[in-house]
Amino acid sequence: MMSVDYIFVMAMWVSGLMAYMFLTPKKQYRKLLFSLLTCQALLWVNSLVHVEFNLLAFPVREFPKATDLLITTEYFFYPLLCGFYIAYEPKHSFKIRLIYLSVWISFLTVYDVILVKYTNLVEYVHYAWYFTWIDFFFIFAVTNSIYQWFFKNKELFRIEQEAVE
């Protein structure tokens, strides 16, 4: 019988891939993938630092001899959600965008706390849920800033955009 840990891992992979395939419009692929890769790089370094300083632990991992991180959350699921956050971010005032970011981060923090409480995938050693909220907020905000900077000149991407449509 499969443990709860691996059921959560499989559910993250299946739901993430299904969401990517069925909820991502063609015009959003480049935006989502760029955001995913940027967030992945930031989250990877952040998580490695947390594990190195014994703040977090990942007792159950896919590749325990290769890395001390959980591949599913740190390389795939959370970066994918960051990509969705940026792909569907409203083009309103700064205040609305800040509320939108805070709501996303709050849901992710609740999910992470569920992983801590009900599985052995994540363990808070010298850590608390509010550090997770702050980390996600910072990583998603920096990823969004990098995305905004990278795609600032829309004329450079106009030809590519027309080809997709």
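**A proline in a loop, and the helices beyond**

Mentor: Let's start with Pro59, which touches Asn120, Leu121, Val122 and Glu123, leaving aside residues up to four places away in sequence. Keep in mind that this is a predicted model. Pro59 sits in the loop between β1 and α3. Its relative accessible area is 44%, and Pro59 is therefore partly exposed, since that label covers values between the 20% limit for buried and the 50% limit for exposed. Now compare sequence with space: Pro59 and Thr119 are 60 residues apart along the chain, but their C-alpha atoms are 9.6 Å apart.

The loop between β1 and α3 also holds Pro64. With a relative accessibility of 48%, Pro64 counts as partly exposed. For Pro64 and Val4, again 60 residues apart along the chain, the C-alpha atoms are separated by 18 Å.

Most residues other than glycine have a negative phi. Asn54, which is not a glycine, has a positive phi of about 60°. At 40% relative accessibility, Asn54 is counted as partly exposed.

Next, follow the chain into helix α3, residues 71-87. Two packed helices are described by the angle between their axes and the distance between the axes.

α2 and α3 pack with their axes 7 Å apart, at an angle of about 135°. That angle makes α2 oblique to α3, because a pair counts as roughly antiparallel when the angle is over 145 degrees and as roughly perpendicular from 65 to 115. The crossing of α2 past α3 is right-handed. On the α2 side, the residues in contact include Leu32, Ser35, Cys39, Leu43 and Trp44, and on the α3 side they include Tyr75, Tyr78, Cys82, Phe84 and Ile86. Sorted by class, this contact has 13 nonpolar, five polar and two charged residues.

Now turn to α4. Here α3 and α4 pack at about 155°, and their axes are 11 Å apart. That makes α3 roughly antiparallel to α4, because the angle is over 145 degrees. The two helices cross in a right-handed way. From α3, residues such as Phe77, Tyr78, Leu81 and Tyr85 take part, meeting residues of α4 that include Trp104, Leu108, Tyr111 and Leu115. The contact of α3 with α4 consists of 11 nonpolar, one polar and one charged residues.

The next partner is α5, residues 129-150, whose axis is 10 Å from that of α3 at an angle of about 55°. α3 and α5 are therefore oblique to each other. α3 passes α5 in a right-handed crossing. Tyr78, Leu81, Cys82, Tyr85 and Ile86 of α3 meet Phe136, Phe140, Thr143, Asn144 and Tyr147 of α5. By class, that gives eight nonpolar, two polar and no charged residues.

Let's zoom in on one residue of α3, namely Cys82. Its relative accessible area is 0%, and Cys82 is therefore buried. Leaving out residues up to four places away in sequence, Cys82 touches Ser35, Cys39, Phe140 and Thr143. Although Cys82 and Phe136 are 54 residues apart along the chain, 9.2 Å separates their C-alpha atoms.

Not counting residues up to four places away in sequence, Phe136 touches Leu43, Tyr78, Ile105, Leu108 and Thr109.

How do these pieces come together? In soluble globular proteins, nonpolar side chains tend to be buried together. In this model, the largest nonpolar core has 38 residues, and those with the most contacts inside it are Phe58, Tyr78, Leu121, Val122, Phe136 and Phe140. At least two residues of this core come from each of α1 (4-23), α2 (29-52), α3, α4 (94-118) and α5. The helix that gives the most is α3, with 10 residues.

Finally, go back to where we began. Leu121 and Val122, which Pro59 touches, are among the residues with the most contacts inside that core.

Terms used: Residues numbered from 1 in each chain as written. Predicted model: local features only at pLDDT ≥ 70, side-chain atom pairs only at ≥ 80, totals over all residues. Heavy atoms only, no water. Axes fitted to C-alpha atoms, helices over the stretch in contact; angles between N-to-C directions. Helix = DSSP H or I, 4+ residues; strand = E, 2+ residues; numbered from the N terminus. Parallel < 35°, antiparallel > 145°, perpendicular 65-115°, else oblique. Left-handed = near helix turned anticlockwise from the far one by under 90°. Contact = heavy atoms within 4.5 Å. Nonpolar A, V, L, I, M, F, W, Y, C, P; charged D, E, K, R; others polar. Core = buried A, V, L, I, M, F, W, Y, C linked by side-chain atoms within 4.5 Å. Buried < 20%, exposed > 50% of the residue type's maximum accessible area, 1.4 Å probe, protein only.
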